[in-house]
Amino acid sequence: MIDKTFRPKSTPLNPLEFSATVTNWQRQYGRNDLPWQINITPYRVLVSELMLQQTQVATVIPYFERWLQHFPTIEDLATASEDAVMAQWQGLGYYSRARNLHKAARYVVDEFAGQLPDNVDELREVPGVGPYTAGAISAFAFNKPAAIVDGNVKRLFSRYFGIEGEISSAKTNKTIWSLAEQYTPVTDSRRYAQALLDLGATVCTPRAPSCQECPLQESCNAYATDRVQILPTKKMKSKIPTRSGNFLLDLTSDGVVLVQRSADGIWPRLWCLPETDEPPKNATIHGKFKHVFSHYKLDATVFAQSIPNGATRVHLDEIESYGLPTPIRKYLNTLPT
DNA sequence: TAGTCGTGGCG
DNA sequence: TCGCCAAGACT
């Protein structure tokens, strides 16, 4: 009788075998035509990596193309206004990344004459560049050996090496970084880094991974021990709270009143309908909308309310040149022109 | 260590 | 409809 649950005993490949296996796989099955993989420059890699933080490739692509049209060089970005920068980032989310990218451009122009450094230590000093992004820029922009650990690598390594520790813990993070450094090859750095990301994104996926397509199946600990569905282990998440918000709509033939939000909190420095702590009395409800953030849900009510004076009023057809949060832009788009 | 910070797609 | 998750950084 055949035991369908049989798995071969697994021993991890050594670093040389591992890197050869995944780079060969990447050459044949990986992603090699993404916009930032063509005409590679350090600036294009920097832009793509900041945009790709916690954001999927398909979402980033149109933003990346538009960004390079508006800010072709790092000098163009460094000298651009914050309003112009935020207008281009509008809708992509995590807006501190846009300000960091802007700061990064100025930093590199001021400190390095516009030339990004190629080593992790100096890259870590660039605004918005953390441990992952520093390694990614070194590998992708300069083809230099550098460990990268992102969500893909954490998932891939936790399964491949059978790491049981909670994936977001400092201890597990340290373990995986150590393995990542140990397994980083001396040559073909760019393709190796891309191989890890491609494997994680297209084969070793969070759920329903395609183990039959995986070049590492034979030596994968999680596959051998039938723990692919269990690893990586995650902490229980308490469900996110719901908050209510009150927004004011003052729309005339001259446009709608917008205010620039503070640098703190959600949607920092983006242009928005005026928000109030308490619902205005004797105001009629114009409409409602809901929005989900990563850490809370917003239940919003929009009140028709005239704003006294001195406010910025923007014509509806000029709104695209302002940086607006997505749900506000969507709400305004429903208004009759 | 844990919270903050967006948005869209997917099952 | 809802929870999960994505090329994380910063505080």
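Where is D226 found? The loop between α12 and β1 holds D226. The notes below concern a predicted model, and they start with the backbone of that loop.

1. Backbone at D226. D226 is not a glycine, yet its phi is positive, at about 55°. The residue has a relative accessibility of 51%, and exposed means over 50%, so D226 counts as exposed.

2. A cis bond at P232. The loop between α12 and β1 also contains P232. The peptide bond that joins L231 and P232 is cis, with omega of about -5°. As background, most peptide bonds are trans, and most residues other than glycine have a negative phi.

3. Backbone at N143. N143 is another residue that has a positive phi of about 55° without being a glycine. Its place is the loop between α8 (131-142) and α9 (151-160). Is N143 buried, partly exposed or exposed? Its relative accessibility is 35%, so N143 counts as partly exposed.

4. The β6 and β7 hairpin. Strand β6 covers residues 284-292 and strand β7 covers residues 297-304; they pair in the antiparallel sense over 8 bridges. Together β6 and β7 form a hairpin, with 4 residues between them. To find one bridge in the model, look at F289, whose partner in β7 is A300.

5. Strand β1 and its partners. In which sense do β1 and β7 pair? Strand β1 (residues 242-249) and β7 are parallel, and 8 bridges connect them. Strand β1 also pairs with strand β5 (residues 275-276), here in the antiparallel sense over 2 bridges.

6. Aromatic pairs. The structure holds 17 aromatic pairs. One of them is W25 with Y29: the ring centres are 6.3 Å apart and the planes stand at 35°, so this pair is tilted. Both residues belong to helix α1 (residues 15-29), and because they are 4 residues apart there, about one helical turn separates them.

7. A ring cluster. Ring pairs also link F18, F157, Y160, F161, Y183 and Y192 into a cluster.

8. Charges over rings. Which residue has its charged end over the ring of Y296? That residue is R243, at 3.9 Å from the ring centre. In another case, R66 lies over the face of Y63, and the distance to the ring centre is 4.8 Å.

9. The second largest pocket. This pocket contains about 490 Å³ of space. Its lining has 22 residues, and those closest to the centre of the pocket are G93, Y94, Y95, W267 and F293. Three elements each give at least two residues to the lining: α6 (96-112), β6 and α13 (326-333). Of the elements, α6 supplies the largest share, with 3 residues. By class, the lining has 9 nonpolar, 11 polar and 2 charged residues.

Key
Residues are numbered from 1 along each chain as its sequence is written. Chains are lettered from A and ligands numbered from 1 in the order in which they are written. This is a predicted model: local features need pLDDT of at least 70, side-chain atom pairs count only at pLDDT 80 or more; totals for chains, interfaces and linings use all residues. Side-chain values use heavy atoms; hydrogens and water are left out. Two strands pair if DSSP finds at least two bridges between them. Rings of Phe, Tyr and Trp (its six-membered ring) pair if their centres lie within 6.5 Å; planes under 30 degrees apart count as stacked, over 60 as edge-to-face and the rest as tilted. A charge sits over a ring if NZ of Lys or CZ of Arg is within 6 Å of the ring centre and within 35 degrees of the ring normal. On a 1 Å grid over the protein atoms alone, a cavity is a set of points where a 1.4 Å probe fits but cannot get out, and a pocket is an open set with protein on both sides within 12 Å along at least five of seven lines; lining residues have an atom within 4 Å of a point. Grid points are joined across faces, edges and corners, and a volume is the space filled by probe spheres set on the points. Ala, Val, Leu, Ile, Met, Phe, Trp, Tyr, Cys and Pro count as nonpolar, Asp, Glu, Lys and Arg as charged, and the others, Gly among them, as polar. Buried means under 20% relative accessible area, exposed over 50%, partly exposed in between (1.4 Å probe, protein chains only).
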